[in-house]
Amino acid sequence: MITVNADGKIMVRRCLVTLRPFRIFVLGIGFFTLCFLMTSLGGQFSAKRLGDSPFTIRTEVMGALESRGVLRRMSDMLELLMKRMDILARLENGTDFHKGNEALFPLDRLQPAAGLMERIQAIAQNVSDIAIKVDQILRNSLMNAKMGDGRRDQCEVPRDPKYPDCAGKVEWMRARWTSDPCYAFFGVDGTECSFLIYLSEVEWFCPPLPWRNQTAAPSPPPLPRAQAAFRSDLAPLLELVGTGKESLSFMKKRIRHLAQQWLRAARRLEQKLKGRQGDQKHILIHIGFLTEESGDVFSPRVLKGGPLGEMVQWADILAALFLLGHSLKVTVSLKELQSNLGVPPGRGNCPLTNPLPFDLIYTDYHGLQQMKQHMGLSFKKYRCRVRVIDTFGTEPAYNHEEYATLRGFRTNWGYWNLHPSQFMTMFPHTPDNSFMGFVSEELNQTERQRIKSSKVSSMAVVYGKEASIWKGKEKFLTILNKYMEIHGTVYYETQRPPEVPAFVKNHGLLPQHEFQQLLRKAKLFIGFGFPYEGPAPLEAIANGCVFLQARFNPPHSSLNHEFFRGKPTSREVSSQHPYAEDFIGKPHVWTVDYNNSEEFEAAIKTILRTQVDPYLPYEYTCEGMLERIHAYIQHQDFCTMPSPPPPAKAQSPAMQSPPSPLALSPNATHLVWSPSARRDPHAWPPADSLQVWLSEGQHACTETCRRRGLVCEPTFFRFLNKKEVFLQLSITCDSTEYEMNHLYPAVAENVHECYLQKEPLLFSCAGHNTKYRRLCPCRDYREGQVALCRDCL
């Protein structure tokens, strides 16, 4: 409390009477103090209830602490002011200054000054009292907050062996919880309890806290799924695709152009399935390479001769999924992706705010990377629902992160630890992956006859819209020009590209339908080695052209060619278009050594004498693609993985393993599914399509099966990964070991050592080593549909 003696009061009165500006200053101090009290305490008592959010307590406490400090400073200032006024009064007593001035001022002028002095004393007293009251309010508020919020600062990290990572995660949160705003979004505020609540209820690294309310309201039973029904109109799909990019416009034009073929194919498949369509799936289609964040290098090049293969495939995927009756969402921006997934605000370290609303997600490598960056732990939880459109394929050795790192298979595009069949390729070159494909325009009988009658036998079209592809090809072109008129479709803006010889008739970049008309007239479609595995050769063959391409010797691969370097595959490409070479072949496809001028010229002469009809493999028709995608959606389930193989120690003589479901074939060359073995009716592909062959040392399982008219089926490796299978094939095993190796199961015959696969994700049709002969699971396939076995539909 502030005390002032009687003499001091007299001196203050004299000062106030004499110094009018000072009187105004004192009035200002009093007014300011009253305003401050009203705003500070009024805001304090009208504040929100404590505990409304994880950040309310901290904000209000800080505000109240500041208020208490200011109140005390105001009290101190008033006390200091009174002391200085007392000093001034004493100085006046020591001089004759203003002597007798009392007579100049009437007594009534002094009375108000005395009242003002008393009011200042009262204000000082009130400020001191209020500071004490604020301090009491703060203490009570903090105590109630701690008690009412479930002992927020009294949590201890649980030691539960079921949650071994809990302590480490809490330690990480202490140091890094402010690194991403998403933690605050989920209620983390820096306290130990908020860490544990987050790690037990949002993530799953810690056990639930016993004092938390664990009784959630029962969720309503899931609504019955609608049945997928074939659609008969593609117009709504065009709305879904959207606008704003040249690439999207290209895809929509393609969908419109092929609409009638798609609709006829859908009706045929519907009749074939006889009502066995299955449930409607909710599918997100995120085309990552078209997002601005990935650079979207394709859209600006659509009108300049850039590669269109990826956009052709995506357009066909959209059409097929839509016609099969599934519910689609299409995104081509990161913002749309985040919104559809339910990504919380922040930098992507936290899980999604809600369960994933999609049964399947079709994307590419760019989209896969974007999802991993923004889904937090939810990416690991939901990645089994992802399907990755992957042109060149991803082999298991590159997909398995630990193995790829240890064995030198790591690249910029691999190491995702997905099931290899989740990668979907443009051509069926990698059996470990699923073959997605695309479609080519199918001709009716009338169109086929018209094309045959309008062919110009001396007309050739060169495969290559970019001038760089023509560079250094003058030698081949000169030979070809002796026999045929050469046409090109090379993009240029103002001047003819110098790489294109003068004797070539260059049409410039043509719209798709005009390019089709050019192919329908031409006899020959010739490739110069690039681009690899595009859709154009199939379109040319479908329009009655012969495709002439270069043989690569040695084959191109990631080991010797820059284009393949860094791609997650060790596949050796023997020609520009291996599918055309292996699955179509002569007379439609000729593969020759371009370095041998005589062989090249002889091939041209033979082609001129050869008559071919338009040809399109069934798997590249609209019906073939619909059939294939329908089978994948109904049967592929990567969220329910089969049990891993038992550890080596479990294989002891005392333990009786179940009898092998395999039996030796009648000619004793391989194993087949035993007629007496139990067949799982839900297994896909059906196990009775399996044949087990032993590879040669220089052959991968892909080649081993192909040489027998079969295709490697990695799903069946689980039936081969047993010691009994070696015995059934009369292979001597002095020792049998489980290891991680993409070539296993296999035998090293020179030392009689047998090896079984320890990691199911490494079961691989690809890969060979002269040291090993591999056990290869092969199956049959439907004519024109290599992705499906004869009984797979």
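# Close-up views of a predicted model

View 1. Cysteine 622 is buried, with 2% relative accessible area. This is a predicted model, so take every number in these legends as computed from predicted coordinates. Cysteine 545 goes down to 0% relative accessibility, so cysteine 545 counts as buried too; the cut-off for that word is under 20%.

**View 2. The disulfide between cysteine 155 and cysteine 193.** Which hand does this link have? The torsion about the S-S bond is about 100°, which means the disulfide is right-handed. One end, cysteine 155, sits in the loop that runs between helix H4 (110-148) and helix H5 (166-176), while cysteine 193 belongs to helix H7 (residues 192-202); the pair therefore ties together parts 38 residues apart in sequence. The S to S distance comes out at 1.8 Å. Both cysteine 155 and cysteine 193 are buried. For the model as a whole, the disulfide count is 9.

**View 3. Cysteine 705 linked to cysteine 778 by a disulfide.** The sulfurs here are 2.0 Å apart. About the S-S bond of cysteine 705 and cysteine 778 the angle is -75°, making this a left-handed link. Don't look for either on the surface: cysteine 705 is buried at 0% relative accessible area, and cysteine 778 is buried at 0%.

**View 4. The disulfide of cysteine 712 and cysteine 765.** With 2.0 Å from sulfur to sulfur, this link has -80° about its S-S bond and is left-handed. Cysteine 712 is part of strand S17 (residues 711-712), and cysteine 765 is in the loop between strand S20 (753-757) and S21, so the pair ties together parts that are 53 residues apart in sequence. Are the two cysteines buried or exposed? Cysteine 712 and cysteine 765 are both buried.

**View 5. An open sheet of 6 strands.** Reading across, the order is S2-S1-S3-S4-S5-S6, and the pairing is parallel. At the edges are strand S2 (327-331) and strand S6 (434-435), each of which pairs on one side only. Zoom in on strand S1 (residues 282-286) and strand S3 (residues 360-363), and you find 3 bridges joining them in the parallel sense. Isoleucine 285 has tyrosine 362, in S3, as its bridge partner. Helix H11 packs on the sheet, where it touches S1, S2, S3, strand S4 (386-389) and S5, and the directions of H11 and S1 make an angle of about 170°.

**View 6. The largest nonpolar core, with 85 residues.** Who has the most contacts inside this core? Trp262, Tyr362 and Phe525 do. Helix H11 (residues 309-323) is the biggest giver, putting in 11 residues. Another core lies apart from this one; it has 33 residues, including Phe392, Val462, Ile469 and Val500. In soluble globular proteins, nonpolar side chains tend to be buried together.

**View 7. The neighbours of tyrosine 362.** Leaving aside residues up to four places away in sequence, tyrosine 362 touches Ile283, Leu284, Ile285 and His286, along with Trp314, Leu321, Arg387, Ile389, Met424, Met436 and Ile633.

**View 8. Asparagine 340 in helix H12 (residues 334-341).** Its side chain reaches the backbone oxygen of glutamate 336 at 2.8 Å. Beyond residues up to four places away in sequence, asparagine 340 touches Leu284, Lys329, Thr331, Pro357 and Phe358.

**View 9. Tryptophan 416, a buried loop residue.** The loop in question is the one between helix H16 (401-407) and strand S5 (423-425). Why does tryptophan 416 count as buried? Because its relative accessibility is 6%, under the 20% cut-off. A polar atom of the side chain of tryptophan 416 is 3.4 Å from the backbone oxygen of tryptophan 413. Not counting residues up to four places away in sequence, tryptophan 416 touches Tyr365, Leu368, Gln369, Lys372, Phe379, Arg383, Asn399 and Phe423.

Definitions and conventions. Residues numbered from 1 in each chain as written. Predicted model: local features only at pLDDT ≥ 70, side-chain atom pairs only at ≥ 80, totals over all residues. Heavy atoms only, no water. Helix = DSSP H or I, 4+ residues; strand = E, 2+ residues; numbered from the N terminus. Buried < 20%, exposed > 50% of the residue type's maximum accessible area, 1.4 Å probe, protein only. Contact = heavy atoms within 4.5 Å. Polar contact = N/O pair within 3.5 Å; in protein donor to acceptor, adjacent residues only side chain to side chain. Core = buried A, V, L, I, M, F, W, Y, C linked by side-chain atoms within 4.5 Å. Disulfide = S-S within 2.5 Å. Pairing = 2+ DSSP bridges. Axes fitted to C-alpha atoms, helices over the stretch in contact; angles between N-to-C directions.
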